[in-house]
Protein chains: 2
Amino acid sequence: MRIAILAHEKFPQRAKTALGILRYSDDDPIAVLDRDNAGARVADFVPDVQDAPIVSRMADIDEPVDALVIGISPIGGEFEESWRNDVRNALERGCDVISGLHYFLEDDEEFAALATENDCDIRDVRKPPADLTVSEGVASDVEADVILTVGTDCSVGKMTVSMELAQAAREAGHDAAVIPTGQTGIMIEGWGNPVDRVVSDFTAGAVEEMITEKGDEHDYLFVEGQGSIVHPAYSAVTCGILHGAMADQLVLCHEAGREAIHGYESFSLPTVSTYVDLYENLAAPVNEASVVAGALNTSGIEDDEDARRELEAYENALGAPATDVLRFDAKTILEAVL
Amino acid sequence: MRIAILAHEKFPQRAKTALGILRYSDDDPIAVLDRDNAGARVADFVPDVQDAPIVSRMADIDEPVDALVIGISPIGGEFEESWRNDVRNALERGCDVISGLHYFLEDDEEFAALATENDCDIRDVRKPPADLTVSEGVASDVEADVILTVGTDCSVGKMTVSMELAQAAREAGHDAAVIPTGQTGIMIEGWGNPVDRVVSDFTAGAVEEMITEKGDEHDYLFVEGQGSIVHPAYSAVTCGILHGAMADQLVLCHEAGREAIHGYESFSLPTVSTYVDLYENLAAPVNEASVVAGALNTSGIEDDEDARRELEAYENALGAPATDVLRFDAKTILEAVL
């Protein structure tokens, strides 16, 4: 599929869906839309993902495009009106639109009419299936080992770590799958429940449903975690995933240098060992789980040696092996996990 | 308002909405529908709430009724087809229907048509307002002291304790209000967000919205907690309320003799001190909160002396004063809280 990815004013640092798709999707990126960086290329900012030209609007793409993917998501998941022309242009040329926003594009009257007129689809991947319900507390019954990525905050790399670990496990000859819980993971894997968008009572159930569906088909399931257990807004989702997944092992993801909750800067991050205690103690009454490894996102650090020093400090605080799965490789974590 | 309350096969022990309404609502109960106990009266089972005759179906009530209230909620919140005749009969006689089920009665084609035909309303109180969004982490900015009831499990009395504490505080001359987060509380108070039914990402936000709305109008807010932080299915909601409410003080509610999660009996309850640590440690990074008192539901114990012994054991385990707010009175807790 030939795709364009909308990432206005957020590429690359705050466009985690766009980056995730460029890194892991099998689709062919034709262009990234970012009015702030038009004329540059993806490779100018991020060398290790699929490259594509950056343009300022959908109308600037002359080639055929199969789908426009919304590659950014503001806090709250609202649609920004400044994107309307791009979505309109995509639909007018018969191109599907794939969105992970809380605001459903298919409920937008103009977009719905344009999609019908031009015989193309709007896919709101954050719209949960209608048949979800409460957890039965049975995810631990599956044959697969379940490994959950948990975080010190949002946007520290949980999805990336889950993808890299599953890939590394497969390369090592194991049968491993990702359980996608967020819009980017769902877009990449082509299935999954948007756990942050389900009815709150069904949070754990939405995870359990995926694990029981896939758990006897694979040896290892890497569950994409969300948020953080101390996030003022999103901890409910984190807690529901922790109890719904009934994971055997946890990988604590953190970004080097992050000291406060992103977007909620008056809330300091507690210590690494506080996170370990919180996740393990909260998991235990439902299913014992240990933090067996750490993943440190060092993308903000230029020098490899500095990154290694941060990594060492993180390992010491954690009392477990850790690595940066993109900068170095996923092996250290994989060995601790398998 | 003259109301009938549907509680088939669950009255009184498993009909907590029905009981809550009989205990706290200003409405006038005409009858309780329970096909298992038709011919008896409420007072035969529960002496300290509003009395009413128990009948087997809506059609057996000859008097005029303003509203039929669904007073029970099975796990999952589904509608049971065996209730259809009662709801149909209510709507046919022009009587409103008030429901807190996850299944929205107003989306049921037959019920919607009957309501239109007979000019009456279906009120699904578990349908959340459309304008909820993510928490901003600001609930602690309000002037009121915020007291949250937390639990060792579902159905241990959190709503009852919140109601009794608010009432006792008002009787002591304070300006106190309840923040209702579940269907029963909402039915009693006539407003509130059904926090277990909102988008999971908005769980904390749905609580925060109510606290910021009411927090400068009262001296004390008693927030109705939900579920339990170690519940295999519902912990997400509990966690979202804990962080969204940013409470100053917590009251730990428990039922004497409860040893396993209700409906999930393979999950044992951890110790009381484990709960205290979990709630306090999880609250702290967002807003420091202490368990300052306990509420023990001793309704399953006949003898007052036995109840007092259980209470003493609970106080010792908790390291804080505790009482049964219905059997004895709310003063002990109120003194610890105010």
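This is a predicted model: local features need pLDDT of at least 70, side-chain atom pairs count only at pLDDT 80 or more; totals for chains, interfaces and linings use all residues.

Biologist: Is H5(B) mostly covered or mostly uncovered?

Modeller: Mostly covered: of the 14 residues in H5(B), eleven are buried. Among them are B:Lys158, B:Met159, B:Glu164 and B:Leu165, as well as B:Ala168 and B:Ala169.

Biologist: How should I read the sheet of chain A, and in what order do its strands lie?

Modeller: Strands of a sheet pair through backbone hydrogen bonds, and the pairing may be parallel or antiparallel. In chain A, six strands make an open sheet with parallel pairing, in the order S3-S2-S1-S4-S5-S6. Strand S3 (54–55) and strand S6 (122–124) of chain A are the edge strands; each has a single partner strand, so one side of each has no neighbour in the sheet.

Biologist: How many bridges join strand S1 to strand S2 in chain A?

Modeller: Five bridges link strand S1 (residues 2–6) with strand S2 (residues 28–33) of chain A, and the two run parallel. Within this pair, A:Ile3 is placed opposite A:Pro29 in S2(A).

Biologist: Let us turn to domains. How is chain A divided?

Modeller: Chain A has domain 1 (2–124) and domain 2 (139–337). The centres of domain 1 and domain 2 of chain A, taken over C-alpha atoms, lie 27 Å apart. Where the domains of chain A meet, twelve residues of domain 1 are in contact with ten residues of domain 2. On the domain 1 side, helix H1 (residues 16–24) of chain A gives the most, with five residues. By class, that side of domain 1 of chain A holds five nonpolar, six polar and one charged residue.

Biologist: Could we examine a single residue in a loop? Is A:Pro180 buried or exposed?

Modeller: A:Pro180 lies in the loop between strand S8 (176–179) and helix H6 (183–189) of chain A. A residue counts as buried when 20 or more other C-beta atoms lie within 10 Å of its own. A:Pro180 has 26 C-beta neighbours inside 10 Å and is therefore buried. Leaving aside residues up to four places away in sequence, A:Pro180 touches A:Gly185, A:Ile186, A:Glu189, A:Gly192 and A:Glu224. The C-alpha atoms of A:Pro180 and A:Val207 are separated by 9.0 Å, although these residues are 27 apart along the chain.

Biologist: How many residues does each chain bring to the contact between chain A and chain B?

Modeller: Chain B brings 35 residues and chain A brings 35 residues. On the chain B side, helix H7 (203–214), helix H8 (235–245), strand S12 (264–268) and helix H9 (272–283) each supply at least two residues. H8(B) has the largest share, six residues. This side of chain B comprises 21 nonpolar, eleven polar and three charged residues.

Biologist: Which rotation superposes chain B on chain A?

Modeller: A rotation of 180 degrees, with 0.0 Å of shift along its axis, superposes them with an RMSD of 0.0 Å. The two copies are thus related as by a two-fold rotation axis. Moreover, 100% of the interface residues of chain B are also interface residues in chain A, so the copies meet through the same surface.

Methods. Residues are numbered from 1 along each chain as its sequence is written. Chains are lettered from A and ligands numbered from 1 in the order in which they are written. A residue is buried if 20 or more other C-beta atoms lie within 10 Å of its own, exposed if 12 or fewer, and partly exposed in between; C-beta atoms are placed from the backbone. Helices (H or I, at least four residues) and strands (E, at least two) are DSSP runs, numbered from the N terminus. Two strands pair if DSSP finds at least two bridges between them. Domain bounds come from an automatic or database domain assignment. Two residues are in contact if their C-beta atoms, placed from the backbone, lie within 7 Å. Ala, Val, Leu, Ile, Met, Phe, Trp, Tyr, Cys and Pro count as nonpolar, Asp, Glu, Lys and Arg as charged, and the others, Gly among them, as polar. Copies are superposed by least squares on the C-alpha atoms of residues with pLDDT of at least 70 in both.
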